Amino acid sequence: MWKIFYFKDRIIFKDNLLWFEKVLLDSKYNDYCIYFDFYDIKLSLIKLKYIILKNINFIDFNNLYFYNSNDFINLLLDKPIYLPNNINLFINEKCFIWCNYCDNNNDCFEKLSLWDIKIFLWKYNLWDNINYNIIWQWDPLFHSDLFNILEYIKSIWWHITFFTWWKSLLYCKDINKLNSFVDEFKINLSSSSYQIYNKTHSNKINKVEFDKLINKIKIIAKKSTFITILTSKNISDLYKFYMLAVNLNCYWLEIKKNLFYNKNDILNNLTIKNNIIKLLKIFSKNKYINFSSNINWNFIQYNNISNFIDRSSLLLDRYINNNFDDIDIDDINKLDKCFQFGNSIDIIEKWVVSVCCHYDIWNISQIDYDGLYYNNILFKEKYLNYKIKTPKSCEKCPMPIDRYKNYLKYNFVSSLV
């Protein structure tokens, strides 16, 4: 029988650790969901580290869930005893938006059914992970059973992040219903006009469809991140795209260099790159929109994040965000081991569970594997490999910012005395 910890049942400690040791020792007999809210994060985590290590042989960690500090406990114990921050459900491989820079031909149209997802949740013992994001890619909007999947996930999860492509929203049967289930949208929005859009996609759009899209986006804009991949076709539209995001009052804006499909990358031209960086500096000064770019790490701005989701107050994330240093992507690729490992787990359309988006290399099991995924011998072998040396396949990791943040977390937790 699996259990669910609801958010209302959490135990809250407001920088008072007098009872924390007792709770840890009592874990042999009771389940606890603990939420930390510290005024002085570093000092409090030093106390936590001391108490946990002091009692480590007497604590039943299977009965403890640290609502906003799982990654701290993971790093402290150097053990993947918890599931990762992100569970990525790739429910649908079908997509006919046809971005010109994408190599995905979507010719097999495989998908995860609602039943597949339930099997995963039953057998992977996710009963205590109420705060994990569910991130979906390719286009989930084309899944025939989408709303039933959303309703089921929402019944046991507190946060859903929904990835989609801009034109796909035209095919959404009920945007208000979608909005009611989803906490955060990530929308690949390549341009501010239908003319520019048609230069970057094989599947064209007309002005009437464009206007319909704008009206749909207005409904979800306040909790949407707009993402644009810079290409030679849409680079001239960058400022208008930025103004569209501002005028629609979107939650976040990402302007990205494509790390997966970098053929004929326009940013290889230093003159173009420097001009783009000058423009990004202007964007980053806006106080009303969160903004980030993987072109230069200086442009990571968190302006109104506290007004959106509680996920922003995760203990180490809050500390790292406040102490984020500039680093070049080449330096991230030179890190001596992969600090992204264990941060997420992917369940893809082919019913495979993977610890990384490089599926052919890092598959660990089929979805019907009966047991905890981190007890799988394949997982243990890969965990050791990651700790020794960053795999060659990670050099084009699509999440370099997160990877670097995890590196900073590792160093921070290791340095606590």
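Tutor: Keep in mind that this is a predicted model. Of the 417 residues in the chain, 57% are buried.

Student: How many helices and strands are there?

Tutor: The chain has 15 helices and 13 strands.

Student: And how do I describe two helices that pack together?

Tutor: In general, you give the angle between their axes and the distance between the axes. Here, take helix α2 (residues 41–54) and helix α3 (residues 70–77): their axes are 11 Å apart and the angle is about 50°.

Student: Which residues of α2 and α3 make the contact?

Tutor: From α2 you have L45, L48, K49, I52 and L53, and from α3 F72, I73, L76 and L77. Sorted by class, the contact of α2 with α3 has eight nonpolar residues, no polar ones and one charged.

Student: What about α9 and α10: at what angle do they pack?

Tutor: Helix α9 (residues 238–247) and helix α10 (residues 270–283) pack at about 20°, with axes 11 Å apart. So α9 and α10 count as roughly parallel. α9 crosses α10 in a right-handed way. L238, Y239 and Y242 of α9 meet I276, L279 and F283 of α10. The contact of α9 with α10 comprises six nonpolar residues, with no polar and no charged ones.

Conventions
Residues are numbered from 1 along each chain as its sequence is written. This is a predicted model: local features need pLDDT of at least 70, side-chain atom pairs count only at pLDDT 80 or more; totals for chains, interfaces and linings use all residues. Side-chain values use heavy atoms; hydrogens and water are left out. Helices (H or I, at least four residues) and strands (E, at least two) are DSSP runs, numbered from the N terminus. Buried means under 20% relative accessible area, exposed over 50%, partly exposed in between (1.4 Å probe, protein chains only). Axes are lines fitted to C-alpha atoms, for helices over the stretch in contact, and angles run from 0 to 180 degrees between N-to-C directions. Contact means heavy atoms within 4.5 Å. Ala, Val, Leu, Ile, Met, Phe, Trp, Tyr, Cys and Pro count as nonpolar, Asp, Glu, Lys and Arg as charged, and the others, Gly among them, as polar. Angles under 35 degrees count as roughly parallel, over 145 as roughly antiparallel, 65 to 115 as roughly perpendicular and the rest as oblique. A crossing is left-handed if the near helix is turned anticlockwise from the far one by less than a right angle, and right-handed if clockwise.
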